[in-house]
Amino acid sequence: MLDLWYTENWTENTRFSIKVKNHLHSEMSEFQKIDFFESEEYGKFFTLDGLMMVTEKDEFIYHDMITHVAMATNPKVKKVLVIGAGDGGTVRELTRYKNIEKIDMVEIDERVVRLSQQFLPVTADKLTDPRVTMYFEDGLKFVEEAESGEYDLILVDSTDPISVGEGLFTTEFYNNCFRVLGEEGILINQHESPYFEKFSKEMQKAHRKILDTFPIAKVYQFHQPTYPSGHWLFGFASKKFDPIKDHKPEEWEKLNIKTRYYNSELHRGCFALPNYVKEML
Ligand code: AG3
C-alpha cells in the first residue's frame, strides 16, 4: 500500500505531516513550486515552495481573522487593496460586505490563482465578483505606483518573508502603504508566528518597521492548526483607528455576516497577548 505524506519542516528539529490521498498537481511556476494535494483529514490543501498555505479544514480561521477585525473597526470601508492572496479566501470574505465598492487584488503569480480556481473553489469562487480586479504583478511595485489616498484598507496576505514574499516586509513597502491609504486607513499584515525563533525574528523586524511608519500599530493572535506551532499573528496598523477603542460591534453585528471563527468577543480577546509575545514588541 502506498503511504504518502506531506511534510513541512517547521524548524530543523520539528516536522508537521499530513497523510495524503492524492497528489493532485505539481508545477514549477515562474516564481515558485506549487503543489495541490487531497487528504482525508484536512480536505484539499496547497503549498508554495513546500510551505503550507491553505487547507480546506482550517482556512476559515485565517480568512476570518485577516478580514473581519479591520471591518469591525471601520465598517465604512469602501476601497480595498489585497496583496498576495491568490487562493481567493481573503477576497471571498471581503465580498460579504455590500458596502465595499472596489477590491483590487495584486498577486505576483497568476498560476496560484488559476490552480486555486481549478482545485479550491471553496476559497476561489468569489474572484469573479464584479467588484474584483486582479493584477498579476509585484505588490511592492504596485503600491509604489498607486495613487496617494486611494484605499481605505490594505490586506497583505503573503507567504513567509523568503523568496517572492520578501519585498512585502520592507520599510519601503510599509511607507508606500501609508501613502496610498486615506486618513482613516487600516493595514493588516500576515505577521508569522511568535513561537519558533525563525518566525518570531521576522515578526519583530516587521513590527518595528510598522511602528516607525504608523501612529497605531498592534499585533493580534489566532490559532491556525496547520501553520508552524499553530499560533499565528496578524499586524494591525492604522492612521486613526484603534482596534479596541474604535471597535464597533453593534454596527458589525447588524451586517449579519456569518462567520465560523470571528465574533465580537474574540475581536477584543485576540489583542490580549501572552507575556512572552508582549516582550517581543
Ligand atoms: N498565507 C501564508 C501564511 C504563511 C504560512 N507559513 C508557513 N506555512 N510556513 C496563506 C495565504 C492564505 N490566503
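A: Asn176 is placed in helix H6, where a helix is a DSSP run of H or I with at least four residues and a strand is a run of E with at least two, both numbered from the N terminus. The model is predicted: local features need pLDDT of at least 70, side-chain atom pairs count only at pLDDT 80 or more, and totals for chains, interfaces and linings use all residues. Residues are numbered from 1 along each chain as its sequence is written, and side-chain values use heavy atoms, with hydrogens and water left out.

With a relative accessible area of 12%, Asn176 is buried; buried means under 20% relative accessible area, exposed over 50%, and partly exposed in between, for a 1.4 Å probe and protein chains only. Once residues up to four places away in sequence are set aside, Asn176 touches Val143 and Glu144, a contact being heavy atoms within 4.5 Å.

Helix H6 (171-180) is also one of the elements against which the buried residues of helix H7 pack, the others being strand S10 (181-190), strand S11 (216-223) and strand S12 (231-238). Those buried residues of H7 are Phe199, Ser200, Met203, Gln204, Ala206, His207, Ile210 and Thr213. The 17 residues of H7 should span 24 Å at 1.5 Å a residue, and the end C-alpha atoms are 24 Å apart, so the two values agree; the expected span is 1.5 Å times one less than the number of residues.

Gly182 belongs to strand S10 and counts as buried because its relative accessibility is 16%. Beyond its neighbours within four places in sequence, Gly182 is in contact with Gly149, Tyr151 and Lys239. Gly182 and Gly149 are 33 residues apart along the chain, yet 4.1 Å separate their C-alpha atoms.

Lys218 is found in strand S11. Its relative accessible area of 32% makes it partly exposed. Residues up to four places away in sequence not being counted, Lys218 touches His207, Phe234, Gly235, Phe236, Asp242, Pro243 and Phe271; of these, His207 is among the buried residues of H7. The C-alpha atoms of Lys218 and Lys245, which are 27 residues apart along the chain, lie 12 Å from each other. In the loop between S11 and S12 is Ser229, which has a positive phi of about 80° although it is not a glycine. At 25% relative accessibility, Ser229 counts as partly exposed.

H7 (residues 197-213) also contributes 3 residues, the largest share, to the lining of the largest pocket. That pocket has a volume of about 170 Å³. The search uses a 1 Å grid over the protein atoms alone: a cavity is a set of points where a 1.4 Å probe fits but cannot get out, a pocket is an open set with protein on both sides within 12 Å along at least five of seven lines, and lining residues have an atom within 4 Å of a point. Points are joined across faces, edges and corners, and a volume is the space filled by probe spheres set on them. Lining the largest pocket are Glu8, Leu51, Asp160, Pro161, Ile162, Glu192, Lys198, Phe199 and Glu202. This lining has 4 nonpolar, no polar and 5 charged residues, with Ala, Val, Leu, Ile, Met, Phe, Trp, Tyr, Cys and Pro taken as nonpolar, Asp, Glu, Lys and Arg as charged, and the others, Gly among them, as polar.

The largest cavity has about 420 Å³ of space. Its lining comprises 38 residues, and Leu48, Met53, Asp157, Ser158 and Thr159 lie nearest its centre. Strand S4 (44-48), strand S5 (51-55), helix H1 (59-73) and strand S6 (79-84) are the elements that give two or more residues to this lining. S5 supplies the largest share, 5 residues. The lining divides into 17 nonpolar, 12 polar and 9 charged residues.

Domain 1 (5-55) and domain 2 (59-278) both give residues to the lining of the largest cavity, so the cavity lies between them; domain bounds come from an automatic or database domain assignment. Taken over C-alpha atoms, the centres of domain 1 and domain 2 are 23 Å apart. Their contact takes 24 residues from domain 1 and 26 residues from domain 2.
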